[in-house]
Amino acid sequence: MLALTELGQRLRQERESKGLSLEDLQKLTKIQKRYLLGIEEGNYEVMPGKFYVRAFIKQYCEAIGLDTDAIFEEYKSDIPSTQTEDMPQQLSRVRSRKEIPQHTKGVSKAYDYLPTVLVVAGVVVVGIIIWVIAQNIVSDKNKEQANQEAPNSEVQQSNTQEETNETTAKNDNSKSEDEQSAADKKEKEKAEKEKAEKEKAEKEKKDSGKQEYKEVQKTGRSATYALSGTDAFNLEVTSTQADTWLDVKNGKGNAFFSSILKKGETKEFDLTKETEARVNIGYSPGVELKVNGKAVDLPFDSSKQVRQVVTIQYQPAEAQ
């Protein structure tokens, strides 16, 4: 095993302090475990190129909550200085169809069977013609028989038609009653649904009118907000795109959660008894915050600022 560089030792200590294994970090960064181990050991020879060294170190720092710019400045002697490098080109091993030689052996065999195929096709065509002629003969006989039975069938058809009309009339009356009943029921359900939605909207409007969530200050990757006008402080954090490191503490530094928030997972925190909460998000793309059930925006563009720290200062309405 290679001796750890100062940078590698710093990264490993920070990772272990977060309770993260290399497997956990691999899931967060999508970087292979052997490259992460190479970063910690300073063994950059295992990397595809110098370009990847800097890119992988940057993702490693962001995933465990370190300031990338500060790390690159402090340990610049341990990190390759080359920032750009041609991406490795991969030669396709797939040959185009035109490059594959065409063999004529199979074609020759096909020509040998051609006479037999033609004979079979001729037999099939003759069979079809005979069948069509037979069908026409049978059809003509059926027409003659139908013409002879027509007078009797007309009387029977008349009686049957009268019975059918009576049955149809009864069915129509029954159907009309059922349709009217279904329409009344549907209209009643629609009215009840609209009433419930209206009451819900009025309640949300009333509650939102009281609660205030406004920005106090913003600097670097951190922002502070003030929550007031409400007697509750409930926080929901959801990650929709990928696993992320999540650290939630109160103003005294006591941790409510400090671990990986998996993709699709939601964590809820009742912070009503706290005056301040600090939310540290390691990978912000796809992370959603809700305060008392209402979605609030992250302070920074997650495509530009991957790691974000949000501090919420809470003042209950009854204390105002």
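A: The buried residues of helix H3 pack against helix H1 (6-17), H2 and H4. Contact here means heavy atoms within 4.5 Å, and helices (H or I, at least four residues) and strands (E, at least two) are DSSP runs numbered from the N terminus. The buried residues of H3 are Tyr35, Leu36, Gly38, Ile39, Glu40 and Glu41. Buried denotes under 20% relative accessible area, exposed over 50%, and partly exposed in between, with a 1.4 Å probe and protein chains only. After H3 comes glycine 42, with a positive phi near 70°.

The model is a predicted one, in which local features need pLDDT of at least 70 and side-chain atom pairs count only at pLDDT 80 or more, while totals for chains, interfaces and linings use all residues. Residues are numbered from 1 along each chain as its sequence is written, and side-chain values use heavy atoms, with hydrogens and water left out.

Lysine 30 has a phi near 65°, a positive value in a residue other than glycine. Most residues other than glycine have a negative phi. Lysine 30 counts as exposed because its relative accessibility is 63%.

The axes of H2 and H4 (residues 50-64) come within 10 Å and cross at roughly 105°; axes are lines fitted to C-alpha atoms, for helices over the stretch in contact, with angles from 0 to 180 degrees between N-to-C directions. H2 and H4 are therefore roughly perpendicular to each other, the word used for angles of 65 to 115 degrees, where under 35 is roughly parallel, over 145 roughly antiparallel and the rest oblique. Leu25, Leu28 and Thr29 of H2 make the contact with Gln59, Tyr60, Ala63 and Ile64 of H4. Of these residues, five are nonpolar, two polar and none charged. Ala, Val, Leu, Ile, Met, Phe, Trp, Tyr, Cys and Pro count as nonpolar, Asp, Glu, Lys and Arg as charged, and the others, Gly among them, as polar.

Elsewhere in the chain, six strands form an open sheet with mixed pairing, in the order E1-E2-E10-E7-E4-E5. Two strands pair if DSSP finds at least two bridges between them. E1 (212-219) and E5 (255-261) stand at the edges with a single partner strand each, so one side of each has no neighbour in the sheet. From one strand to the next, the twist averages 15°.

Within this sheet, E10 (residues 308-314) has six of its seven residues buried, so the strand is largely enclosed by the rest of the structure. E10 pairs with E2 (residues 222-228) in the parallel sense over six bridges, and alanine 226 stands opposite glutamine 313. With E7 (residues 276-281), E10 runs antiparallel, joined by six bridges; glutamate 276 has glutamine 313 as its bridge partner. Antiparallel pairing over seven bridges links E1 and E2, and glutamine 217 is partnered with threonine 224 of E2.

As to confidence, the average pLDDT, the predictor's confidence in each residue from 0 to 100, is 80 for the protein, and 73% of the residues score at least 70. Over residues 83-105 the pLDDT is below 50, and beyond near neighbours in sequence this stretch has 13 contacts in the model. Where pLDDT is low, the predicted coordinates should not be read in detail.
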